[in-house]
Amino acid sequence: MTSVLVVDDQDLIRAGVAALVRATPGFTTVTEAADGEEAVSLAERHRPDVVLMDVRLPGISGLTAAERILALDLAPPPRVVVLTTFDVDEYVYDALRIGACGYLLKDTPPQRLLGAIATIAGGDALFAPTVVRRLIEAFTPRPGAALRRPEQLAELTARELDVLTLVARGLTNDEIAAELFLSDGTVKTHLHRIMSKLDLRSRAQAVVVAYESGLVVPGSASGRTGRPAPGC
């Protein structure tokens, strides 16, 4: 059973999405917010499993509100899905940076939206590796530019750096395990330690850190392990 917070300043859209979710088996509580500040307050009060967040809102932006919600001391933290009219790479990239688990457009068919909510509530994300790679390469500095390497990266072991590199190249846990001759459980343990050391909330954020720190160079065909990156 999944609880959902719908955030949109347009009454008709917000009510329509909320009604769609309410009418679907498997969803318990649906709360509505018309602006970012209200969204943060309701998220703290109701602790939803999933937050459907518009980008442009009165007062603070949807992305700012999402970042504040993810910074709340909620256990488990809600999973944020950006639901917007704007198919803008920069918005998608910012959503990745703050730890959102998905990015959907408002013209998404109803059944696909419901499926996306269920997918994200189940622990998966809706950022395909090819999309992540396109966005990161578009918005990170090219080789030779000054890069600020997070201090926390120095805390990672060599094996954790290998795992992070492969995550950034879009490999699944099973593929990483095969690449590094590890068990799936060991890969998950490394990922947990990476997320903890780097204070990350999502796999997408790990991808951003890997590119921005220079661990993976935009446009390169290989990472630390030397395996060609998957095609876009």
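Begin by selecting helix 9, residues 184-198, where 15 residues reach 21 Å from the first C-alpha to the last, close to the 21 Å expected at 1.5 Å a residue; the expected span is 1.5 Å times one less than the number of residues. Helices here are DSSP runs of H or I with at least four residues, while strands are runs of E with at least two, both numbered from the N terminus. The model you are looking at is predicted, and local features need pLDDT of at least 70, side-chain atom pairs count only at pLDDT 80 or more, and totals for chains, interfaces and linings use all residues. Residues are numbered from 1 along each chain as its sequence is written, and side-chain values use heavy atoms, with hydrogens and water left out.

Staying on helix 9, which of its residues are buried? Select Val187, His190, Leu191, Ile194 and Leu198, which are the buried residues of this helix, where buried means under 20% relative accessible area, exposed over 50%, and partly exposed in between (1.4 Å probe, protein chains only). If you turn the view to look down the axis of helix 9, these buried residues fall within an arc of 100°, so they line one face of the helix; the arc is that of the directions from the helix axis to the C-beta atoms. An α-helix has 3.6 residues a turn, so residues three or four places apart point the same way. On the other side of helix 9, you will find His192 and Ser196 exposed.

Now move to aspartate 54, in the loop between strand 3 (50-53) and helix 3 (62-71). Is aspartate 54 buried or exposed? With a relative accessible area of 4%, aspartate 54 is buried. Beyond its neighbours within four places in sequence, aspartate 54 is in contact with residues including Val7, Asp8, Gly62 and Lys106. Show the side chains of aspartate 54 and lysine 106 to see a polar contact at 3.2 Å, that is, a pair of N or O atoms within 3.5 Å, where within protein one must be able to donate a hydrogen and the other to accept it, and residues adjacent in sequence count only if both atoms are side-chain atoms.

Finally, show the whole chain, which has 10 helices and 5 strands, and in which buried residues make up 47% of the 232 residues.

Note on methods: Contact = heavy atoms within 4.5 Å.
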